[in-house]
Number of protein chains: 2
Amino acid sequence: MLIVQKFGGTSVGDLERIQNVANRVSQTLKQGHQVVVVVSAMSGETNKLLSFAEHYTQTPERSEVDMLLSSGERVTAALLSIALNAMGHPAASMSGRRAGIVTDSVHTKARIESIDPQPMRDELAHGKVIVIAGFQGVSDKGQVTTLGRGGSDLSAVAIAGALEADLCEIYTDVDGIYTTDPRIEPKARKMEKISYDEMLELASLGAKVLQNRSVELAKKLNVNLVTRSSFTNAEGTLITKEENIMEQPLVSGIALDKNQARVSLGGVIDRPGIASDIFTRLADNSVNIDMIVQTLGHDGKTNMDFTVPKTELLDAQKIVDQFVAEGEISECSYDENICKVSIVGVGMKSHTGVAAKAFQTMALENINIMMISTSEIKISMIVAEKYAELSVRSLHSAYSLDR
Amino acid sequence: MLIVQKFGGTSVGDLERIQNVANRVSQTLKQGHQVVVVVSAMSGETNKLLSFAEHYTQTPERSEVDMLLSSGERVTAALLSIALNAMGHPAASMSGRRAGIVTDSVHTKARIESIDPQPMRDELAHGKVIVIAGFQGVSDKGQVTTLGRGGSDLSAVAIAGALEADLCEIYTDVDGIYTTDPRIEPKARKMEKISYDEMLELASLGAKVLQNRSVELAKKLNVNLVTRSSFTNAEGTLITKEENIMEQPLVSGIALDKNQARVSLGGVIDRPGIASDIFTRLADNSVNIDMIVQTLGHDGKTNMDFTVPKTELLDAQKIVDQFVAEGEISECSYDENICKVSIVGVGMKSHTGVAAKAFQTMALENINIMMISTSEIKISMIVAEKYAELSVRSLHSAYSLDR
C-alpha cells in the first residue's frame, strides 16, 4: 500500500518525539508499504515566529509572514529525514514547492489549486520515503504560501489524493473519533469507521482532531482518512465514503455544542422577504447563524428562532433592535443558557423512528426541547444548558452507542 | 547608486539588532539609493540546527543539512522585511532560489554557477527594498543548497556582480581592515582603500571580516567591496581594483601568522622529480604546504625548507621519515616555535628597496631571518616566534604605516 502519514506539532514537539515518529514510519516501511510523510512545525515554533514578527508590527505583510512561518515545517521535515536515513531508510525531504503544491496567492490562508505528483513519484520510484513540509505551497508568482489553520492536514489529504494513496493517516494526541465526548459519557466508544458526511456533522467530536475543511477535501478527493494517536498503537477511526461502510449503524454519535445562544423573535410581520432581510443584515454584520426555525404564522405575523455563537449575541441584538424600531418585530428574547445536542447517523436516512426515539428519551428525563431542526443525517435539539450532559448520556444509551 | 548591504549573524543576532539593521537600511534609502540586503541566520541559529541533526547521526545527509540550515536565513530575511515595511519602506524577502541563485549540487559547500537578476530587477523596479536569504541557492535538480562558511558574503558579492551594483557593503562587528593587527600594534591604522590582491595576501588581517573566496569572487566580478561595522557609523575599508586606487602606498599592511611550523630537510638527493615526489606524497596525506624554499645544492644534494600548519606537523614528519628511510633525505629538523611575518603592498611592484628595508629592519632588531619567500606584492619571512610582535611593530613603523 501507499500510505500518507501526517504528524502534527505535538507529535514532532521535540527531538525525541521526532525519533518516535521515525520509528513509527520505520514500522510501516517494514510492513512493506510505501510511505509519504507530512509534518507540521515543532509545537510552539509557529507561535514563536509570529511573536518575532509582532515585535515590529501588529500587521506584518502576509507574504512575509508566510516566508517566516514556512521555515518551521522545513526544519521538521529535514530532521525527520535525517533520523530516517540514520535508521537506514533512504529518505528525502521536500518543501511544499518541491512536492508540487501550487496554491492561490491568498497569503496566510491559501487554497491548494493543484499538485504535480511527478517529483514525489520519482523519489518513491527510487525507493525513498518522502518527508514533506506541510502547511505550505507556492503561488503561481513563485512565492511561498501557507494554508492557514489545519493546513498540514490539508497538505496530507491533497497529497494522498494526488498520489491516489490507499490511506491517509492523521496522527495526533487523540486516538480516534468517539461516539460522544468521553469526558461527558465515560461509556463512549471509539468508532471504527464513519462516513465523511457523518464526520462533518459530528465536527465537535472531532474538533481536536480534524477540521471540516480537511474532511471535505478528503470526501471530494475520495481519500480514506484515518485519525489515530502517535503515542499509542491503537487502531484509529477510518473516515471513508458511505459505500465502504458495510453495516450502517442507525446512529453514529452524539455531539454537544455549548457555544450557542438562542434568539427568539415573536410577532414578526409575515411579508415575503422578511427572513431574507433579517439574515442578510445579520450576515453583513458578520453574525454567524447556526440553526433557524420558523413556525407557521397567523394574523399576518410569524415566529422565528435562531441560534448564534454566544460571542456574537450582542451584535445580533443590535440588528434585531433595528427591526423592532422599524416595527417589523414586536417581541424578542435572548437566552445564553442553552446548548445544542445533535444525533448523527447515515442510518437514519433509511430508518423511521429515529427522531421519535430522541424525543421520547428527552421526555422520559423531563427535558424540555426548545428548538428542533433536522437534516437527512442529523437531528439537533436546543435544550437548557443545565441538561447538556444528561441529554448526551441519555441519548448515547438510548441508541445503544455504548455497546 | 545601487548598493548591496550584507549583514552577518551577529548584526542580526536578536530582534533589536534586526531593527538596527532596518534603521541603517532606511538611512541608505533616505539618501536616495536603491538597496538590496543580504542576511545571514541569527547568530547561534545555524549551530543550534546542526546540533539538532547530530541528535540523530554524526553524518546527516548533506542535502538534508541544507534543507535544515537554509531555514535560518529565511527567518531573518522575513523579519527584516517585516521591520522595513513597518517603517514605511516597501520591502520583499526572497529565498536564494527566488533571487535566481543557481549553484552546483555539492550540498553544504555548493558553488554559485549563475544568477538570474531579473526577479530582483523586477522588485527594484517596483520601488522595493529586496531582502535576500544569504548562504543559499538552488541546484539544477531544484534542491536547496548552501554555500559553506562565509556563504552569505559570497551571496552578496555574486548578487552585486549580477546586478552590476555600485557597491557591496559587508557589515560585521569589525570596522574595516587595519594596517596590522591592532592588538599587536596599537598604532595600526584602518585602511581607506586596498586592492583585491593585497587583501588576498593580507588574509590574516581580514580573517575575522572576509574570506578569500569572497575577495576572489569580487575581483573576478569587479565588485567594489566595503567592509564596515554595523554598530558604528565609521567609514569602512574599500576593496577594489588596483586602478581605482590613486596613490599606491609602497606597503599596505603587515600580516602575522603564528600557525605555521617549519620543516627543514638537508642532504636531499638532488634528482629530477624529488620535490614533486615529496610534495605530492604530503598532499596525498592532506598536509597543506605554505612556504617552500629550496637552495642550490652541491655534491648532488640540496636543502629544502617548507612550512606546514602546526596541527599537521606530525603527519608531515611521518612522510619525511619515509623519505629518510628510503635514503633520499639525510637530515631533517622541525621547529614549531616560528612565525611568518608578511609585508604586502602593490607599490612594491614598481619600487625597489622594499625588501632591503625589511631585512635592515630585522637586522637592527637583531632578529634572525630563517626563511624568505617573495612574490610580486608580498615579502614573507620566517622568524622565531618570540620575535613575532617585535617584528610586526618594527616593520609597521619602518614603512610609516602609522602615519
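Predicted model: local features only at pLDDT ≥ 70, side-chain atom pairs only at ≥ 80, totals over all residues.
**Exercise 1. Size up chain A: how many helices and strands does its secondary structure come to, and how compact is the chain?**

Solution. Start with the elements: chain A comes to 12 helices and 20 strands. Now for the extents: the C-alpha trace spans about 75 × 55 × 30 Å along its principal axes. As for burial, 47% of the 403 residues in chain A are buried. Finally, look at the contacts between residues at least 6 apart in sequence: 75% of these join residues at least 24 apart.

**Exercise 2. Work out which helices of chain B supply at least two residues each to the side that touches chain A, and which one gives the largest share.**

Solution. First get the scale of the interface: 26 residues of chain B are in contact with 26 residues of chain A. On the chain B side, helix H2 (45-54) and helix H3 (62-86) each supply at least two residues. The largest share, 14 residues, comes from H3(B). Then sort that side of chain B by class, and you get 15 nonpolar, seven polar and four charged residues.

**Exercise 3. Find how H3(A) runs relative to H3(B): parallel or antiparallel?**

Solution. Begin with the geometry: the axes of H3(A), residues 62-86, and H3(B) come within 8 Å and cross at roughly 165°. Angles over 145 degrees count as roughly antiparallel, so H3(A) is roughly antiparallel to H3(B). The handedness comes next, and H3(A) passes H3(B) in a left-handed crossing.

Now see who meets whom. From H3(A), the residues in the contact include Glu64(A), Met67(A), Leu68(A), Arg74(A) and Ile82(A). Across from them, H3(B) brings residues including Glu64(B), Met67(B), Leu68(B), Arg74(B) and Ile82(B).

**Exercise 4. Take Asn222(A) and Asn366(A): where does each one sit, and is each buried, partly exposed or exposed?**

Solution. Go one residue at a time. Asn222(A) isn't a glycine, yet it has a positive phi of about 60°. You'll find Asn222(A) in the loop between helix H8 (212-221) and strand S11 (225-229) of chain A. With 13 other C-beta atoms within 10 Å, Asn222(A) is partly exposed.

Asn366(A) also isn't a glycine, and its phi is positive at about 60°. Its place is the loop between helix H11 (354-364) and strand S19 (369-375) of chain A. A residue counts as exposed at 12 or fewer such neighbours; Asn366(A) has 8 C-beta neighbours inside 10 Å, so Asn366(A) is exposed.

Terms used: Residues numbered from 1 in each chain as written. Chains lettered and ligands numbered in written order. Contact = placed C-beta atoms within 7 Å. Helix = DSSP H or I, 4+ residues; strand = E, 2+ residues; numbered from the N terminus. Nonpolar A, V, L, I, M, F, W, Y, C, P; charged D, E, K, R; others polar. Axes fitted to C-alpha atoms, helices over the stretch in contact; angles between N-to-C directions. Parallel < 35°, antiparallel > 145°, perpendicular 65-115°, else oblique. Left-handed = near helix turned anticlockwise from the far one by under 90°. Buried ≥ 20, exposed ≤ 12 C-beta atoms within 10 Å, placed from the backbone.
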